[in-house]
Amino acid sequence: MDDTPLTLREVLDVLARLYPPETAQSWDRVGLVTGDPAQPVRRIHLAVDPTLAVVEEARALGADLLLTHHPLLLRGVHSVATTTGKGATVTGLVVGDIALYVAHTNADVADEGVCEALAEASGLGHTDPLAWSEGQAMGRVGDLPEPVSLRRFVEDLAVHLPATAVGVRVSGPPDAPVRRVAVLGGAGDDLFDAVRAAGADVYVTADLRHHPALEAREESRGGPPYLVDAGHWASEQVWLGRADRALRAALGEDATRVETHISTVRTDPWTFVVGADAGGTP
């Protein structure tokens, strides 16, 4: 067995095939953020967010590469001093000799990407694109094997999502039948028109703001599509296991030369709720 470590460049070539950078949206910032393509990679750590806690977790595990979904430097910064959170994160990566690679909207649209993982968690098999943006398929839509109640659907979905303090928010009658499901990992309240056009009974996404969500429910006159806000982090964390398997499969025989780990840090920003109506509202 070859125990020579892979180079970062070799891993980057595989990631570029799985999640081609050119499929990212034009506003996005994906690819290598820190690291030397010539450096050895023995351990790869996967996470949704490159937070300070995640970087510390990666350092503690001896990771050489941190693969995240969300960018660290999506918007320009003029300093990476440790007096800022982003500066401290960059410093932690550099001092720890950890490369950071980001697969964001290019991972959303990929066959082994976020939306496919969320569709699988929602109980869908074959899916079609929900919408198109800059030539890329955004979201997925498909049918459940058989109709279920909205409550049953969300309860089944919750089993496949990581737990969060806020849980899953739902808008619609608990006993309403649903079969056709649209999904989009992360923020998705800009695709309501596409959801309606697809004939979806329920839309699973996250970051649903008050006004767009209320207007969407008004537009539906209380009927479908019903809304499920699974939480930004939870709706995308389900991708990590799929990304891990896809990466190891794409590495082929070289997969034996690296270890992979999935972050256990919950980077959902909410820690507890008070005053929630457990019975739901009419």
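Just after helix H2, Gly-62 takes a positive phi of about 75 degrees. The model is predicted.

H2 covers residues 52–61. Val-54, Val-55, Glu-57 and Ala-58 of this helix are buried. Why do they lie on the same side of H2? They cover an arc of only 160 degrees around the axis, and this puts them on the same side.

| Element packed against by the buried residues of H2 | Residues |
|---|---|
| Strand E4 | 43–47 |
| Strand E5 | 65–68 |
| Helix H3 | 85–95 |

Two packed helices are described by the angle between their axes and the distance between the axes. For H2 and H3, the axes come within 9 Å and cross at roughly 10 degrees. Angles under 35 degrees count as roughly parallel, so H2 and H3 are roughly parallel to each other. On the H2 side, the contact is made by Leu-52, Val-55 and Arg-59. H3 contributes Gly-85, Ala-88, Thr-89, Gly-92, Leu-93 and Val-95. By class, this contact has five nonpolar, three polar and one charged residues.

Strands of a sheet pair through backbone hydrogen bonds, either parallel or antiparallel. Here, an open sheet of six strands runs in the order E7-E8-E10-E11-E12-E9, with mixed pairing. Which strands form the edges? They are E7 (128–133) and E9, and each pairs on one side only. From one strand to the next, the twist averages 25 degrees.

E9 pairs with strand E12 (residues 226–229) in the antiparallel sense, over three bridges. Arg-169 has Asp-229 in E12 as its bridge partner. Helix H6 (residues 150–160) packs on the sheet. H6 touches strand E8 (136–149), E9, E10, strand E11 (202–206) and E12. The direction of H6 makes about 120 degrees with that of E8.

Where is Gly-172 found? This residue sits in the loop between strand E9 (169–171) and strand E10 (177–187). Gly-172 counts as partly exposed because its relative accessibility is 29%. Leaving aside residues up to four places away in sequence, Gly-172 touches Leu-150, Arg-217 and Tyr-226. Leu-150 belongs to the range of H6 (residues 150–160), and Tyr-226 to that of E12 (residues 226–229). Asp-97 is 75 residues from Gly-172 in sequence. In space, the two are 49 Å apart, C-alpha to C-alpha.

Technical notes:
Residues are numbered from 1 along each chain as its sequence is written. This is a predicted model: local features need pLDDT of at least 70, side-chain atom pairs count only at pLDDT 80 or more; totals for chains, interfaces and linings use all residues. Side-chain values use heavy atoms; hydrogens and water are left out. Helices (H or I, at least four residues) and strands (E, at least two) are DSSP runs, numbered from the N terminus. Buried means under 20% relative accessible area, exposed over 50%, partly exposed in between (1.4 Å probe, protein chains only). Contact means heavy atoms within 4.5 Å. Two strands pair if DSSP finds at least two bridges between them. Axes are lines fitted to C-alpha atoms, for helices over the stretch in contact, and angles run from 0 to 180 degrees between N-to-C directions. The arc is that of the directions from the helix axis to the C-beta atoms. Angles under 35 degrees count as roughly parallel, over 145 as roughly antiparallel, 65 to 115 as roughly perpendicular and the rest as oblique. Ala, Val, Leu, Ile, Met, Phe, Trp, Tyr, Cys and Pro count as nonpolar, Asp, Glu, Lys and Arg as charged, and the others, Gly among them, as polar.
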